[in-house]
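Let's take a friendly walk around a protein model and look at its side chains. Have the sequence and the 3D view ready, and follow along as the names come up.

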Amino acid sequence: MDKIFKKADEMEMAINMKAVRNAYAFLTVTVLMYCFWVLIKTGELPFVFLFSCISGVIFWMTKLIETDRLTKQSEEDEE
């Protein structure tokens, strides 16, 4: 019986990562535009602005941690 889920190859992973990046960028820009519009209309930042900031922090922390982890692995492999 064939597997329902197959392991993605490198090309498929690259395509998925590009799609995720594009979706994340669209969502971030859209939320920030909405927050700016609400700020102009009401003079207050909406609560969703906090979620947008937190998601940005999570993205950058994950990027830094994973980059550090993977570069350490490659340096150990070279030795």
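## A greasy patch on the outside

Start at the surface, where Tyr 34, Trp 37, Phe 47, Val 48, Leu 50, Phe 51, Ile 54 and Ile 58 form a nonpolar patch with about 830 Å² of accessible area together. What counts as a patch here? Its residues have over 30% relative accessible area and no salt bridge; nonpolar side chains (Val, Leu, Ile, Met, Phe, Trp, Tyr) are joined within 5 Å, while like charges are joined within 9 Å. The areas themselves come from the Shrake-Rupley method with a 1.4 Å probe, and for residues only the protein chains shown count as cover.

Before going on, a word about the source: this is a predicted model, in which local features need pLDDT of at least 70 and side-chain atom pairs count only at pLDDT 80 or more, while totals for chains, interfaces and linings use all residues. Residues are numbered from 1 along each chain as its sequence is written, and side-chain values use heavy atoms, with hydrogens and water left out.

Which helices supply the patch? H1 and H2 each give at least two residues, and the largest share, five residues, comes from H2. Helices (H or I, at least four residues) and strands (E, at least two) are DSSP runs, numbered from the N terminus. Ile 58 is exposed, at a relative accessible area of 52%; exposed means over 50%, buried means under 20%, and partly exposed lies in between (1.4 Å probe, protein chains only).

Is Ser 52 buried or exposed? With 14% relative accessibility, Ser 52 counts as buried, and its place is also in helix H2. Leaving aside neighbours within four places in sequence, Ser 52 is in contact (heavy atoms within 4.5 Å) with Thr 28, Val 31 and Leu 32.

## Rings that pair up

Next, the aromatic rings. A pair of them is described by the distance of the centres and the angle of the planes. Rings of Phe, Tyr and Trp (its six-membered ring) pair if their centres lie within 6.5 Å; planes under 30 degrees apart are stacked, over 60 are edge-to-face, and the rest are tilted. How many aromatic pairs does that rule give? The count comes to three.

Why is the pair of Tyr 24 and Phe 59 called stacked? Their planes meet at 25°, with the ring centres 5.5 Å apart, so the pair is stacked. This pair links distant parts of the chain: Tyr 24 belongs to helix H1 (residues 10-42) and Phe 59 to helix H2 (residues 48-78), 35 residues apart. Tyr 24 is partly exposed at 30% relative accessible area, and Phe 59 is partly exposed too, at 36%.

Phe 47 and Phe 51 make an edge-to-face pair, with 5.2 Å from centre to centre and 85° between the planes. Phe 47 is exposed, with a relative accessible area of 60%, whereas Phe 51, at 49%, counts as partly exposed. There is a cluster as well: Tyr 24, Phe 59 and Trp 60 form one aromatic cluster.

## Charges that meet

How many salt bridges does a search of the whole structure find? It finds two, where a salt bridge is a side-chain nitrogen of Lys or Arg within 4 Å of a carboxyl oxygen of Asp or Glu. Here they are:

| Salt bridge | N to O distance |
|---|---|
| Arg 69 and Glu 66 | 2.6 Å |
| Asp 68 and Lys 72 | 3.5 Å |

Arg 69 and Glu 66 are three residues apart in helix H2, so about one helical turn separates them. Asp 68 and Lys 72 are four residues apart in helix H2, so they too are separated by about one helical turn. As for cover, Arg 69 is partly exposed at 40% and Glu 66 is partly exposed at 32%. Asp 68 counts as partly exposed at 39%, and Lys 72 does at 45%.

## Cysteines on their own

Last stop, the cysteines. The whole structure has zero disulfides, a disulfide being a pair of cysteine sulfur atoms within 2.5 Å. For Cys 35, the nearest cysteine sulfur is that of Cys 53, 8.1 Å away. Cys 35 is buried, with a relative accessible area of 2%, whereas Cys 53 is partly exposed at 35%.
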